[in-house]
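User: I'd like to learn how to read a few features of a model like this one. Could you walk me through them?

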Amino acid sequence: MRARLLALAERRARLTALAGAERESLAAFVARTDGAVGKVAGALAVVRRQLGKLRDQPLLVAAAVALLVVLRPRRALGWALKGWSLWRAYRGAQR
């Protein structure tokens, strides 16, 4: 019985040391990515402000869309599909 308790204590010590090493590794990784996350958050804030401004001027948005459709229908459709994909990715990232 004593041998089993010693084996469990040794295993617990190894697992505790492993968990500590993994915590340190994760902390180092998070520290390296903090700057990039801050830049992305700033960019998203700018995009949100610009979208808010566009919501206040729907006539301007409609005119821009109409101009795109008149000048290059195929290109406008491609841009619309890309925009839709980006918007879906953005909404998925928000969740």
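User: Let's start with Ala36. Which helix does Ala36 lie in?

Analyst: Keep in mind that this is a predicted model. Ala36 lies in helix H1, which covers residues 2–55.

User: And is Ala36 buried, partly exposed or exposed?

Analyst: The general idea is to look at relative accessible area: under 20% is buried, over 50% is exposed, and partly exposed falls in between. Ala36 has 47% relative accessibility, so Ala36 counts as partly exposed.

User: How should I relate sequence distance to distance in space, say for Ala36 and Ser25?

Analyst: Just set the two separations side by side. Ala36 and Ser25 are 11 residues apart in sequence, and their C-alpha atoms are 18 Å apart in space.

User: Can we do that reading for other residues? Where is Leu6, for instance?

Analyst: Leu6 is in helix H1 too. Its relative accessible area is 44%, so Leu6 is partly exposed. Pair Leu6 with Leu81 and you get 75 residues in sequence and 64 Å in space, C-alpha to C-alpha.

User: What about Glu24: buried or exposed?

Analyst: Glu24 also belongs to helix H1. With a relative accessible area of 61%, Glu24 is exposed, because the cut-off for that class is over 50%. From Glu24 to Val69 there are 45 residues along the chain, and their C-alpha atoms are separated by 54 Å.

User: And Arg91, which helix holds Arg91?

Analyst: That's helix H3. Arg91 comes out at 35% relative accessibility, so Arg91 is partly exposed. Between Arg91 and Arg12 lie 79 residues along the chain and 43 Å from C-alpha to C-alpha.

User: Which residues meet where H2 packs on H3?

Analyst: On the H2 side you have Leu68, Val69, Val70 and Leu71, and on the H3 side Pro73, Ala76 and Trp79. Sorted by class, the contact has 7 nonpolar residues, with no polar and no charged ones.

User: Let's go on to pockets. What is the volume of the largest pocket?

Analyst: With a pocket, go through the volume, then the lining, then the makeup of that lining. The largest pocket has a volume of about 260 Å³. Its lining is made of Leu44, Val47, Leu51, Gly83, Trp84, Leu86, Trp87 and Tyr90.

User: Which helix gives the most to that lining of the largest pocket?

Analyst: H3 does, with 5 residues. Both H1 and H3 supply at least two residues each. By class, the lining of the largest pocket has 7 nonpolar residues, 1 polar and no charged.

User: And what lines the second largest pocket?

Analyst: Ala64, Val65, Leu68, Val69, Ala76, Trp79 and Ala80 do. The volume of this second largest pocket is about 160 Å³. H2 and H3 each supply at least two lining residues, and H2 gives the most, with 4.

User: How do the lining residues of the second largest pocket divide by class?

Analyst: There are 7 nonpolar, no polar and no charged residues.

Terms used:
Residues are numbered from 1 along each chain as its sequence is written. This is a predicted model: local features need pLDDT of at least 70, side-chain atom pairs count only at pLDDT 80 or more; totals for chains, interfaces and linings use all residues. Side-chain values use heavy atoms; hydrogens and water are left out. Buried means under 20% relative accessible area, exposed over 50%, partly exposed in between (1.4 Å probe, protein chains only). Contact means heavy atoms within 4.5 Å. Ala, Val, Leu, Ile, Met, Phe, Trp, Tyr, Cys and Pro count as nonpolar, Asp, Glu, Lys and Arg as charged, and the others, Gly among them, as polar. On a 1 Å grid over the protein atoms alone, a cavity is a set of points where a 1.4 Å probe fits but cannot get out, and a pocket is an open set with protein on both sides within 12 Å along at least five of seven lines; lining residues have an atom within 4 Å of a point. Grid points are joined across faces, edges and corners, and a volume is the space filled by probe spheres set on the points.
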